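This briefing is written for a reader who is meeting the structure for the first time. Please keep the sequence and the three-dimensional view at hand while reading.

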Amino acid sequence: QVQLVESGGGLVQTGGSLRLSCAASGSISSINVMGWYRQAPGKQRELVATIRSAGFTDYADFVKGRFTISRDYAKNTVYLQMNSLKPDDTAVYYCNVLTRGYLNYWGQGTQVTVSS
């Protein structure tokens, strides 16, 4: 199995930036895709961005041009650089791993709050 530890959340003003980190441990060799999801109060969890082993990325429309996902393969860590943050970005952000055996693992989540 894979264990995920997230960090970097916090309170930021509109237009500010945050950088989220997610460090993976355990069955590292089984990891195929790493990504970030978020869930705001009263809403369903939604995909933010994903990155695959070859560096291919996918972004939700609402973060394109503002967020950047990256991956440090040596450190088994995925990052989410969030710029130009808006109040609508306020949510709990979850790190996600999809293994080559199509198993999903989730981090505990980190709170991001953007004040207006």
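Ser-84 is partly exposed, because its relative accessible area is 40%, where buried means under 20% relative accessible area, exposed over 50% and partly exposed in between, with a 1.4 Å probe and protein chains only. The model is a predicted one, in which local features need pLDDT of at least 70 and side-chain atom pairs count only at pLDDT 80 or more, while totals for chains, interfaces and linings use all residues. Residues are numbered from 1 along each chain as its sequence is written, and side-chain values use heavy atoms, with hydrogens and water left out.

- Ser-84 lies in the loop between S8 and S9; strands are DSSP runs of E with at least two residues, helices are runs of H or I with at least four, and both are numbered from the N terminus.
- Most residues other than glycine have a negative phi.
- Ser-84, although it is not a glycine, has a positive phi of about 50 degrees.
- Asn-76, also a residue other than glycine, has a positive phi near 55 degrees, and its place is in the loop between S7 and S8.
- With a relative accessible area of 25%, Asn-76 is partly exposed.

**Asp-89 and its surroundings**

- Asp-89 lies in the loop between strand S8 (77–82) and strand S9 (91–99), and at 2% relative accessibility this residue counts as buried.
- The side chain of Asp-89 makes a polar contact with the side chain of Arg-66 at 2.7 Å; such a contact is a pair of N or O atoms within 3.5 Å, where within protein one must be able to donate a hydrogen and the other to accept it, and residues adjacent in sequence count only if both atoms are side-chain atoms.
- When neighbours within four places in sequence are left aside, Asp-89 is in contact (heavy atoms within 4.5 Å) with Arg-38, Arg-66, Phe-67, Ser-84, Val-112 and Val-114.

**The largest nonpolar core**

- The largest nonpolar core has 30 residues, of which Trp-36, Leu-80, Met-82 and Tyr-93 touch the most other members; a nonpolar core is a set of buried Ala, Val, Leu, Ile, Met, Phe, Trp, Tyr and Cys residues joined through side-chain atoms within 4.5 Å.
- Among the elements that give two or more residues to this core are strand S1 (2–7), strand S3 (18–26), strand S4 (31–39), strand S5 (46–52) and strand S11 (110–115).
- In soluble globular proteins, nonpolar side chains tend to be buried together.
- Not counting residues up to four places away in sequence, Tyr-93 touches several residues, including Leu-20, Trp-36, Phe-67, Leu-80, Met-82 and Val-112.

**Aromatic rings and a charge above them**

- The count comes to one aromatic pair, under the rule that rings of Phe, Tyr and Trp (its six-membered ring) pair if their centres lie within 6.5 Å, with planes under 30 degrees apart counted as stacked, over 60 as edge-to-face and the rest as tilted.
- The ring centres of Tyr-37 and Trp-106 are 5.0 Å apart and the planes stand at 65 degrees, so the pair is edge-to-face.
- This pair links distant parts of the chain, since Tyr-37 is in strand S4 and Trp-106 in strand S10 (residues 104–106), 69 residues apart.
- Tyr-37 is buried, with a relative accessible area of 19%, whereas Trp-106 is partly exposed at 38%.
- Arg-45 lies over the face of Tyr-94, at 3.7 Å from the ring centre, and also over the face of Trp-106, at 4.8 Å from the ring centre; a charge sits over a ring if NZ of Lys or CZ of Arg is within 6 Å of the ring centre and within 35 degrees of the ring normal.

**The disulfide**

- A search of the whole structure finds one disulfide, a term for a pair of cysteine sulfur atoms within 2.5 Å.
- The disulfide joins Cys-22 to Cys-95, with an S to S distance of 2.1 Å, and links distant parts of the chain, with Cys-22 in strand S3 and Cys-95 in strand S9, 73 residues apart.
- The link of Cys-22 and Cys-95 is left-handed, with -85 degrees about the S-S bond.
- Cys-22 is buried, with a relative accessible area of 0%, and Cys-95 is buried with a value of 0%.
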